[in-house]
Amino acid sequence: MTTSSSHITARKLLSGGRLIGEVRVPGDKSISHRALLFGAISEGKTAIDGLLPAEDPISTAECLRAMGVEISPIKKSEKVIVHGVGLEGLKEPENVLHCGNSGTSMRLILGLLVGCKNKHFVLTGDNSLSNRPMLRVSKPLKLMGAEVNGRSNGNYAPLAVQGKKLRGAIIGTPVASAQVKSALLLAALSAEGSTTVIEPAHSRDHSERMLKAFGANLEIGGEMGRHITVKPGSVLKGQNIVVPGDISSASFWLIAGALIPGSKIRIENVGLNPTRTGILEVLKQMEACIEIVNKRNITGEPVGDINVIYKNQLKPFTVNEEIIPRLIDEIPILSVAGCFCDGISRITGASELRVKETDRLAVMTRQLKLMGANIEEHQDGLTIQGSQTLYGANLDSETDHRVAMSLAIASLLAQGDSTLRGSEAASVSYPDFWSHLAKLRS
Ligand code: S3P
(Lines give C-alpha, C1' and ligand atoms only; values in the text may rest on other atoms or scores of the structure.)
Protein backbone atom coordinates (compact mmCIF):
# COMPACT_ATOMS: atom_id res chain seq x y z
CA MET A 1 0.00 0.00 0.00
CA THR A 2 1.30 3.42 -0.87
CA THR A 3 -0.37 5.02 2.10
CA SER A 4 1.54 7.79 3.81
CA SER A 5 1.34 7.53 7.59
CA SER A 6 -0.62 10.78 7.85
CA HIS A 7 -3.50 9.11 6.01
CA ILE A 8 -3.58 6.02 8.16
CA THR A 9 -6.50 6.17 10.55
CA ALA A 10 -6.97 3.73 13.40
CA ARG A 11 -10.08 1.54 13.25
CA LYS A 12 -11.81 0.63 16.48
CA LEU A 13 -12.09 -3.14 16.89
CA LEU A 14 -14.60 -4.35 19.47
CA SER A 15 -13.81 -7.56 21.29
CA GLY A 16 -16.24 -10.46 21.63
CA GLY A 17 -19.35 -11.39 19.65
CA ARG A 18 -19.90 -14.58 17.77
CA LEU A 19 -19.85 -14.78 13.96
CA ILE A 20 -22.97 -16.21 12.39
CA GLY A 21 -24.20 -16.44 8.80
CA GLU A 22 -23.14 -16.90 5.21
CA VAL A 23 -20.34 -15.12 3.43
CA ARG A 24 -19.13 -15.20 -0.15
CA VAL A 25 -15.44 -14.38 -0.29
CA PRO A 26 -14.15 -12.39 -3.30
CA GLY A 27 -12.48 -13.98 -6.31
CA ASP A 28 -9.14 -15.73 -5.97
CA LYS A 29 -6.30 -13.24 -6.27
CA SER A 30 -3.86 -15.59 -8.01
CA ILE A 31 -6.44 -16.73 -10.56
CA SER A 32 -7.59 -13.14 -11.16
CA HIS A 33 -4.07 -11.96 -12.08
CA ARG A 34 -3.59 -14.91 -14.42
CA ALA A 35 -6.97 -14.48 -16.14
CA LEU A 36 -6.05 -10.85 -16.95
CA LEU A 37 -2.50 -11.66 -18.08
CA PHE A 38 -3.31 -14.72 -20.17
CA GLY A 39 -6.35 -12.97 -21.63
CA ALA A 40 -4.12 -10.05 -22.65
CA ILE A 41 -1.70 -12.21 -24.66
CA SER A 42 -4.42 -14.33 -26.25
CA GLU A 43 -6.14 -13.85 -29.54
CA GLY A 44 -9.74 -12.70 -29.18
CA LYS A 45 -11.84 -11.86 -26.20
CA THR A 46 -11.57 -13.24 -22.66
CA ALA A 47 -14.57 -12.81 -20.34
CA ILE A 48 -13.81 -13.06 -16.63
CA ASP A 49 -16.60 -13.66 -14.15
CA GLY A 50 -15.87 -13.12 -10.46
CA LEU A 51 -12.54 -11.32 -10.94
CA LEU A 52 -11.27 -9.95 -7.63
CA PRO A 53 -12.02 -6.19 -7.70
CA ALA A 54 -9.13 -5.31 -5.41
CA GLU A 55 -5.95 -3.24 -5.57
CA ASP A 56 -3.60 -6.05 -6.62
CA PRO A 57 -5.43 -7.29 -9.76
CA ILE A 58 -6.20 -3.64 -10.60
CA SER A 59 -2.41 -3.04 -10.66
CA THR A 60 -2.04 -5.87 -13.17
CA ALA A 61 -4.87 -4.47 -15.30
CA GLU A 62 -3.38 -0.95 -15.22
CA CYS A 63 0.02 -2.24 -16.41
CA LEU A 64 -1.65 -4.17 -19.25
CA ARG A 65 -3.71 -1.13 -20.26
CA ALA A 66 -0.51 0.93 -20.41
CA MET A 67 0.73 -1.59 -22.98
CA GLY A 68 -2.33 -1.18 -25.19
CA VAL A 69 -4.61 -3.93 -23.87
CA GLU A 70 -8.24 -2.91 -23.70
CA ILE A 71 -9.81 -4.10 -20.42
CA SER A 72 -13.32 -3.14 -19.29
CA PRO A 73 -13.65 -1.43 -15.89
CA ILE A 74 -13.07 -3.73 -12.91
CA LYS A 75 -16.17 -3.40 -10.75
CA LYS A 76 -17.77 -5.64 -8.18
CA SER A 77 -20.20 -8.19 -9.69
CA GLU A 78 -19.41 -7.14 -13.25
CA LYS A 79 -17.88 -9.40 -15.86
CA VAL A 80 -14.50 -8.10 -17.01
CA ILE A 81 -13.70 -8.27 -20.72
CA VAL A 82 -10.08 -8.40 -21.90
CA HIS A 83 -9.43 -7.78 -25.58
CA GLY A 84 -6.35 -9.90 -26.22
CA VAL A 85 -3.53 -8.50 -28.37
CA GLY A 86 -1.73 -11.82 -28.96
CA LEU A 87 1.73 -12.89 -27.83
CA GLU A 88 3.55 -10.23 -29.81
CA GLY A 89 1.00 -7.45 -29.48
CA LEU A 90 2.02 -5.71 -26.24
CA LYS A 91 3.08 -2.11 -26.96
CA GLU A 92 6.11 -0.42 -25.47
CA PRO A 93 4.58 1.78 -22.72
CA GLU A 94 5.33 5.49 -22.66
CA ASN A 95 5.88 5.46 -18.94
CA VAL A 96 6.92 3.34 -15.99
CA LEU A 97 4.63 0.38 -15.21
CA HIS A 98 3.47 0.65 -11.59
CA CYS A 99 2.69 -2.63 -9.82
CA GLY A 100 1.60 -1.03 -6.52
CA ASN A 101 1.87 -3.54 -3.67
CA SER A 102 1.57 -6.58 -5.90
CA GLY A 103 4.45 -9.07 -6.10
CA THR A 104 2.42 -11.29 -8.42
CA SER A 105 1.95 -8.39 -10.88
CA MET A 106 5.64 -7.52 -10.95
CA ARG A 107 7.00 -11.05 -11.21
CA LEU A 108 4.52 -12.38 -13.77
CA ILE A 109 4.66 -9.24 -15.91
CA LEU A 110 8.45 -9.46 -15.86
CA GLY A 111 8.16 -12.94 -17.35
CA LEU A 112 5.85 -11.59 -20.00
CA LEU A 113 8.04 -8.63 -21.01
CA VAL A 114 11.49 -10.15 -21.27
CA GLY A 115 10.56 -11.80 -24.57
CA CYS A 116 9.02 -8.68 -26.16
CA LYS A 117 11.76 -8.09 -28.72
CA ASN A 118 13.25 -4.60 -29.08
CA LYS A 119 10.89 -3.07 -26.54
CA HIS A 120 11.91 -1.33 -23.33
CA PHE A 121 10.00 -1.41 -20.04
CA VAL A 122 10.49 -0.16 -16.50
CA LEU A 123 8.60 -1.78 -13.62
CA THR A 124 8.23 -0.27 -10.20
CA GLY A 125 6.11 -0.65 -7.07
CA ASP A 126 5.34 0.83 -3.66
CA ASN A 127 7.84 0.84 -0.76
CA SER A 128 7.08 -2.73 0.20
CA LEU A 129 7.34 -4.13 -3.34
CA SER A 130 10.50 -2.17 -4.15
CA ASN A 131 12.21 -4.05 -1.34
CA ARG A 132 11.11 -7.55 -2.28
CA PRO A 133 13.58 -9.88 -4.02
CA MET A 134 13.37 -10.02 -7.79
CA LEU A 135 16.62 -11.86 -8.57
CA ARG A 136 14.74 -15.10 -7.95
CA VAL A 137 12.90 -14.29 -11.20
CA SER A 138 15.42 -12.28 -13.19
CA LYS A 139 18.29 -14.73 -12.61
CA PRO A 140 16.58 -17.81 -14.10
CA LEU A 141 15.10 -15.60 -16.84
CA LYS A 142 18.67 -14.62 -17.78
CA LEU A 143 19.36 -18.32 -18.50
CA MET A 144 16.85 -17.85 -21.32
CA GLY A 145 18.70 -14.76 -22.59
CA ALA A 146 16.65 -12.10 -20.78
CA GLU A 147 18.04 -8.64 -20.03
CA VAL A 148 16.84 -7.26 -16.71
CA ASN A 149 18.55 -4.63 -14.58
CA GLY A 150 17.66 -3.15 -11.23
CA ARG A 151 19.01 -1.92 -7.91
CA SER A 152 21.36 -4.25 -6.01
CA ASN A 153 22.46 -6.15 -9.10
CA GLY A 154 18.95 -6.55 -10.37
CA ASN A 155 17.36 -7.67 -7.11
CA TYR A 156 15.15 -4.67 -6.44
CA ALA A 157 12.76 -2.51 -8.44
CA PRO A 158 12.70 -0.28 -10.34
CA LEU A 159 13.54 -2.96 -12.91
CA ALA A 160 14.52 -2.10 -16.47
CA VAL A 161 13.77 -4.71 -19.12
CA GLN A 162 15.11 -4.75 -22.65
CA GLY A 163 13.00 -7.29 -24.55
CA LYS A 164 15.02 -9.98 -26.36
CA LYS A 165 14.52 -13.09 -28.44
CA LEU A 166 14.66 -15.78 -25.74
CA ARG A 167 15.85 -19.38 -25.96
CA GLY A 168 14.30 -22.32 -24.14
CA ALA A 169 16.18 -23.80 -21.19
CA ILE A 170 15.89 -26.38 -18.43
CA ILE A 171 15.64 -24.42 -15.22
CA GLY A 172 15.61 -25.63 -11.64
CA THR A 173 14.13 -22.96 -9.37
CA PRO A 174 15.64 -22.50 -5.90
CA VAL A 175 12.32 -21.82 -4.13
CA ALA A 176 8.87 -23.35 -4.50
CA SER A 177 7.30 -20.12 -5.73
CA ALA A 178 4.35 -19.98 -8.10
CA GLN A 179 5.32 -16.44 -9.00
CA VAL A 180 8.78 -17.53 -10.16
CA LYS A 181 7.43 -20.59 -11.95
CA SER A 182 4.70 -18.59 -13.69
CA ALA A 183 7.14 -15.89 -14.84
CA LEU A 184 9.30 -18.58 -16.47
CA LEU A 185 6.31 -20.25 -18.12
CA LEU A 186 5.19 -16.90 -19.54
CA ALA A 187 8.68 -16.18 -20.90
CA ALA A 188 8.77 -19.71 -22.37
CA LEU A 189 5.72 -18.98 -24.53
CA SER A 190 7.74 -16.71 -26.82
CA ALA A 191 11.10 -18.53 -26.56
CA GLU A 192 12.81 -20.54 -29.28
CA GLY A 193 12.82 -24.20 -28.22
CA SER A 194 11.26 -25.91 -25.21
CA THR A 195 11.55 -24.74 -21.63
CA THR A 196 11.27 -27.03 -18.61
CA VAL A 197 10.79 -25.60 -15.12
CA ILE A 198 11.60 -27.87 -12.19
CA GLU A 199 10.52 -26.74 -8.72
CA PRO A 200 11.93 -28.05 -5.43
CA ALA A 201 8.34 -28.64 -4.29
CA HIS A 202 4.91 -28.05 -5.81
CA SER A 203 3.72 -24.47 -5.65
CA ARG A 204 0.17 -23.47 -6.62
CA ASP A 205 -0.63 -24.68 -10.14
CA HIS A 206 -3.20 -22.13 -11.38
CA SER A 207 -0.90 -21.06 -14.23
CA GLU A 208 -0.50 -24.59 -15.54
CA ARG A 209 -4.25 -25.24 -15.42
CA MET A 210 -5.17 -21.96 -17.05
CA LEU A 211 -2.43 -21.89 -19.67
CA LYS A 212 -3.58 -25.34 -20.87
CA ALA A 213 -7.17 -24.08 -21.04
CA PHE A 214 -6.01 -21.12 -23.17
CA GLY A 215 -4.34 -23.60 -25.56
CA ALA A 216 -0.67 -23.47 -24.54
CA ASN A 217 1.44 -26.47 -25.43
CA LEU A 218 2.28 -27.40 -21.86
CA GLU A 219 3.19 -30.81 -20.44
CA ILE A 220 3.53 -31.91 -16.85
CA GLY A 221 5.88 -34.83 -16.22
CA GLY A 222 8.91 -36.00 -14.28
CA GLU A 223 9.05 -37.28 -10.74
CA MET A 224 5.79 -36.38 -8.97
CA GLY A 225 4.84 -34.09 -11.84
CA ARG A 226 7.47 -31.51 -10.97
CA HIS A 227 8.73 -30.96 -14.54
CA ILE A 228 6.63 -28.45 -16.42
CA THR A 229 7.50 -28.10 -20.07
CA VAL A 230 6.31 -25.41 -22.47
CA LYS A 231 6.88 -26.14 -26.15
CA PRO A 232 7.12 -23.28 -28.62
CA GLY A 233 4.52 -22.27 -31.15
CA SER A 234 1.45 -22.03 -28.91
CA VAL A 235 -1.29 -19.63 -29.90
CA LEU A 236 -3.47 -18.73 -26.92
CA LYS A 237 -7.17 -18.24 -27.58
CA GLY A 238 -9.47 -16.07 -25.45
CA GLN A 239 -11.60 -17.99 -22.93
CA ASN A 240 -14.55 -17.60 -20.58
CA ILE A 241 -13.14 -17.81 -17.05
CA VAL A 242 -15.07 -18.07 -13.82
CA VAL A 243 -12.91 -17.18 -10.81
CA PRO A 244 -13.69 -19.13 -7.63
CA GLY A 245 -13.61 -17.50 -4.19
CA ASP A 246 -10.18 -17.12 -2.60
CA ILE A 247 -9.39 -19.76 0.05
CA SER A 248 -6.79 -17.37 1.49
CA SER A 249 -9.59 -14.85 2.17
CA ALA A 250 -11.86 -17.65 3.43
CA SER A 251 -9.19 -18.69 5.94
CA PHE A 252 -9.97 -15.67 8.18
CA TRP A 253 -13.57 -16.88 8.56
CA LEU A 254 -12.48 -20.52 8.88
CA ILE A 255 -10.24 -19.72 11.85
CA ALA A 256 -12.68 -17.20 13.35
CA GLY A 257 -15.59 -19.65 13.06
CA ALA A 258 -13.56 -22.47 14.60
CA LEU A 259 -12.31 -20.38 17.54
CA ILE A 260 -14.92 -17.79 18.49
CA PRO A 261 -17.45 -19.29 20.92
CA GLY A 262 -20.94 -19.69 19.46
CA SER A 263 -19.88 -19.07 15.84
CA LYS A 264 -21.36 -20.83 12.84
CA ILE A 265 -20.33 -19.68 9.35
CA ARG A 266 -21.00 -20.94 5.85
CA ILE A 267 -18.41 -19.76 3.30
CA GLU A 268 -19.70 -20.13 -0.22
CA ASN A 269 -17.89 -20.77 -3.48
CA VAL A 270 -14.37 -21.39 -2.13
CA GLY A 271 -11.58 -22.57 -4.47
CA LEU A 272 -10.33 -25.96 -3.28
CA ASN A 273 -7.32 -26.46 -5.55
CA PRO A 274 -5.19 -29.06 -3.68
CA THR A 275 -2.11 -26.84 -4.01
CA ARG A 276 -3.93 -24.27 -1.84
CA THR A 277 -5.78 -26.30 0.81
CA GLY A 278 -3.06 -26.59 3.47
CA ILE A 279 -5.28 -24.55 5.82
CA LEU A 280 -7.91 -27.32 5.70
CA GLU A 281 -5.21 -29.89 6.59
CA VAL A 282 -4.25 -27.78 9.62
CA LEU A 283 -7.89 -27.35 10.69
CA LYS A 284 -8.13 -31.16 10.56
CA GLN A 285 -5.06 -31.41 12.82
CA MET A 286 -6.78 -29.00 15.18
CA GLU A 287 -9.87 -31.27 15.06
CA ALA A 288 -11.97 -28.27 14.11
CA CYS A 289 -15.58 -28.74 13.09
CA ILE A 290 -15.42 -28.23 9.32
CA GLU A 291 -17.59 -29.64 6.54
CA ILE A 292 -17.14 -29.22 2.79
CA VAL A 293 -20.33 -29.45 0.77
CA ASN A 294 -21.53 -28.87 -2.76
CA LYS A 295 -18.19 -29.79 -4.35
CA ARG A 296 -17.98 -28.93 -8.01
CA ASN A 297 -15.60 -27.98 -10.80
CA ILE A 298 -15.57 -24.48 -12.27
CA THR A 299 -13.44 -23.74 -15.35
CA GLY A 300 -10.78 -26.25 -14.36
CA GLU A 301 -10.64 -25.47 -10.62
CA PRO A 302 -12.31 -27.47 -7.81
CA VAL A 303 -14.75 -25.43 -5.72
CA GLY A 304 -17.03 -26.05 -2.73
CA ASP A 305 -18.89 -24.44 0.17
CA ILE A 306 -17.41 -24.78 3.66
CA ASN A 307 -19.33 -24.91 6.94
CA VAL A 308 -17.43 -24.18 10.13
CA ILE A 309 -18.79 -24.39 13.68
CA TYR A 310 -17.08 -23.35 16.90
CA LYS A 311 -15.59 -26.12 18.99
CA ASN A 312 -14.00 -25.85 22.42
CA GLN A 313 -10.33 -26.71 23.07
CA LEU A 314 -8.89 -27.21 19.60
CA LYS A 315 -5.66 -29.21 19.34
CA PRO A 316 -2.36 -27.40 18.68
CA PHE A 317 -0.81 -27.84 15.24
CA THR A 318 2.55 -28.40 13.59
CA VAL A 319 3.30 -26.86 10.23
CA ASN A 320 6.57 -27.67 8.46
CA GLU A 321 8.39 -27.04 5.19
CA GLU A 322 6.41 -29.73 3.35
CA ILE A 323 3.03 -28.02 3.75
CA ILE A 324 4.20 -24.37 3.59
CA PRO A 325 3.64 -23.88 -0.18
CA ARG A 326 0.02 -25.01 0.29
CA LEU A 327 -0.67 -22.40 2.99
CA ILE A 328 2.00 -19.77 2.39
CA ASP A 329 -0.46 -16.87 2.80
CA GLU A 330 -2.25 -18.36 5.82
CA ILE A 331 0.62 -18.17 8.34
CA PRO A 332 -0.51 -14.79 9.79
CA ILE A 333 -3.99 -16.11 10.64
CA LEU A 334 -2.51 -19.42 11.84
CA SER A 335 -0.28 -17.50 14.23
CA VAL A 336 -3.48 -16.07 15.74
CA ALA A 337 -5.07 -19.54 15.85
CA GLY A 338 -2.05 -20.94 17.72
CA CYS A 339 -2.67 -18.56 20.64
CA PHE A 340 -6.04 -20.22 21.32
CA CYS A 341 -5.27 -23.93 20.75
CA ASP A 342 -4.85 -26.27 23.67
CA GLY A 343 -1.02 -26.60 23.72
CA ILE A 344 2.04 -25.41 21.83
CA SER A 345 1.81 -24.92 18.05
CA ARG A 346 4.93 -24.85 15.91
CA ILE A 347 5.58 -23.39 12.47
CA THR A 348 8.91 -24.21 10.76
CA GLY A 349 10.29 -24.01 7.20
CA ALA A 350 8.54 -20.66 6.71
CA SER A 351 11.46 -18.28 6.03
CA GLU A 352 9.71 -17.22 2.78
CA LEU A 353 7.33 -15.27 5.03
CA ARG A 354 10.14 -12.79 5.62
CA VAL A 355 9.96 -11.60 1.99
CA LYS A 356 6.21 -11.17 1.63
CA GLU A 357 4.45 -7.77 1.69
CA THR A 358 6.12 -7.41 5.11
CA ASP A 359 8.32 -9.73 7.16
CA ARG A 360 5.23 -11.55 8.38
CA LEU A 361 7.02 -13.62 11.04
CA ALA A 362 8.39 -10.46 12.65
CA VAL A 363 5.24 -8.38 12.22
CA MET A 364 2.83 -10.99 13.60
CA THR A 365 5.14 -11.64 16.55
CA ARG A 366 5.43 -7.91 17.28
CA GLN A 367 1.71 -7.23 17.02
CA LEU A 368 0.51 -10.31 18.93
CA LYS A 369 3.01 -9.56 21.70
CA LEU A 370 1.30 -6.17 22.10
CA MET A 371 -1.81 -8.20 22.98
CA GLY A 372 0.16 -10.20 25.53
CA ALA A 373 0.72 -13.31 23.40
CA ASN A 374 3.44 -15.78 24.25
CA ILE A 375 4.88 -16.20 20.77
CA GLU A 376 8.50 -16.82 19.89
CA GLU A 377 10.01 -15.90 16.54
CA HIS A 378 12.66 -18.11 14.88
CA GLN A 379 14.60 -17.60 11.70
CA ASP A 380 12.18 -19.88 9.81
CA GLY A 381 9.05 -19.95 11.93
CA LEU A 382 7.16 -19.42 15.14
CA THR A 383 6.47 -21.24 18.39
CA ILE A 384 3.13 -20.26 19.87
CA GLN A 385 1.91 -21.02 23.34
CA GLY A 386 -1.80 -21.90 23.30
CA SER A 387 -4.69 -21.35 25.73
CA GLN A 388 -3.75 -17.72 26.16
CA THR A 389 -5.74 -14.68 27.11
CA LEU A 390 -5.01 -11.88 24.65
CA TYR A 391 -5.81 -8.31 25.63
CA GLY A 392 -7.04 -5.46 23.47
CA ALA A 393 -4.18 -3.22 22.27
CA ASN A 394 -3.28 -0.47 19.84
CA LEU A 395 -2.32 -2.53 16.80
CA ASP A 396 -0.83 -1.76 13.41
CA SER A 397 -1.12 -3.71 10.14
CA GLU A 398 2.29 -2.26 9.22
CA THR A 399 0.67 -1.86 5.74
CA ASP A 400 0.15 -5.63 5.24
CA HIS A 401 -3.33 -6.75 4.15
CA ARG A 402 -3.14 -10.24 5.65
CA VAL A 403 -1.77 -8.87 8.92
CA ALA A 404 -4.68 -6.39 9.11
CA MET A 405 -7.29 -9.13 8.70
CA SER A 406 -5.51 -11.55 11.06
CA LEU A 407 -5.34 -8.89 13.78
CA ALA A 408 -9.04 -8.17 13.30
CA ILE A 409 -9.80 -11.82 14.17
CA ALA A 410 -7.33 -11.73 17.10
CA SER A 411 -9.05 -8.66 18.51
CA LEU A 412 -12.47 -10.38 18.43
CA LEU A 413 -10.94 -13.07 20.64
CA ALA A 414 -9.22 -10.62 23.00
CA GLN A 415 -10.40 -9.23 26.31
CA GLY A 416 -11.03 -5.52 25.84
CA ASP A 417 -11.26 -3.51 22.64
CA SER A 418 -8.39 -2.75 20.26
CA THR A 419 -7.55 -0.20 17.62
CA LEU A 420 -5.92 -1.00 14.29
CA ARG A 421 -3.85 1.44 12.26
CA GLY A 422 -3.65 0.72 8.57
CA SER A 423 -6.85 -1.35 8.46
CA GLU A 424 -7.43 -0.13 4.89
CA ALA A 425 -4.59 -2.43 3.77
CA ALA A 426 -7.26 -5.17 3.58
CA SER A 427 -8.36 -3.75 0.22
CA VAL A 428 -5.24 -5.15 -1.42
CA SER A 429 -6.97 -8.56 -1.49
CA TYR A 430 -10.37 -8.28 0.26
CA PRO A 431 -12.05 -4.85 -0.09
CA ASP A 432 -15.29 -6.03 1.58
CA PHE A 433 -13.56 -7.61 4.58
CA TRP A 434 -14.75 -5.01 7.11
CA SER A 435 -18.35 -5.01 5.87
CA HIS A 436 -18.40 -8.83 5.83
CA LEU A 437 -17.10 -8.84 9.41
CA ALA A 438 -19.83 -6.39 10.48
CA LYS A 439 -22.49 -8.52 8.75
CA LEU A 440 -21.33 -11.77 10.39
CA ARG A 441 -21.18 -10.10 13.80
CA SER A 442 -24.67 -8.62 13.78
C1 S3P B 1 1.10 -16.14 -5.51
C2 S3P B 1 2.02 -16.99 -5.01
C3 S3P B 1 2.52 -16.95 -3.63
C4 S3P B 1 1.60 -16.14 -2.72
C5 S3P B 1 1.14 -14.88 -3.35
C6 S3P B 1 0.43 -15.15 -4.67
C7 S3P B 1 0.73 -16.25 -6.93
O8 S3P B 1 3.80 -16.37 -3.62
O9 S3P B 1 2.26 -15.86 -1.50
O10 S3P B 1 0.23 -14.20 -2.48
O11 S3P B 1 -0.32 -15.74 -7.33
O12 S3P B 1 1.49 -16.87 -7.69
P13 S3P B 1 5.09 -17.26 -3.96
O14 S3P B 1 4.76 -18.01 -5.17
O15 S3P B 1 6.22 -16.32 -4.19
O16 S3P B 1 5.29 -18.12 -2.75
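View 1. S251 counts as buried because its relative accessibility is 0%, where buried stands for under 20% relative accessible area, exposed for over 50%, and partly exposed for what falls in between (1.4 Å probe, protein chains only). The model shown is predicted, so that local features need pLDDT of at least 70 and side-chain atom pairs count only at pLDDT 80 or more, whereas totals for chains, interfaces and linings use all residues. Residues are numbered from 1 along each chain as its sequence is written, and side-chain values use heavy atoms, with hydrogens and water left out. S251 belongs to helix α8, which covers residues 247-259; helices (H or I, at least four residues) and strands (E, at least two) are DSSP runs, numbered from the N terminus. When residues up to four places away in sequence are not counted, S251 touches I279, E330 and I333, a contact being heavy atoms within 4.5 Å.

View 2. A pair of aromatic rings is described by the distance of the centres and the angle of the planes. Rings of Phe, Tyr and Trp (its six-membered ring) pair if their centres lie within 6.5 Å, and planes under 30 degrees apart count as stacked, over 60 as edge-to-face and the rest as tilted. By this rule there are six aromatic pairs. One of them, edge-to-face, is formed by F252 and F433, with 6.0 Å from centre to centre and 75 degrees between the planes. This pair links distant parts of the chain, as F252 lies in helix α8 and F433 in helix α13 (residues 433-441), 181 residues apart. Both F252 and F433 are buried.

**View 3. The aromatic pair of W253 and Y430.** The ring centres of W253 and Y430 are 6.3 Å apart and their planes stand at 85 degrees, so this pair is edge-to-face. Because W253 lies in helix α8 and Y430 in the loop between β23 and α13, the pair ties together parts that are 177 residues apart in sequence. W253 is buried, as is Y430. One aromatic cluster is formed by F252, W253, Y430, F433 and W434.

**View 4. The open sheet of β1, β23 and β22.** Three strands in the order β1-β23-β22 make up an open sheet with mixed pairing, where two strands pair if DSSP finds at least two bridges between them. The edge strands, each pairing on one side only, are β1 (10-13) and β22 (394-396). Strand β22 runs parallel to β23 (residues 418-421), and three bridges join the two. The bridge partner of D396 in β23 is R421.
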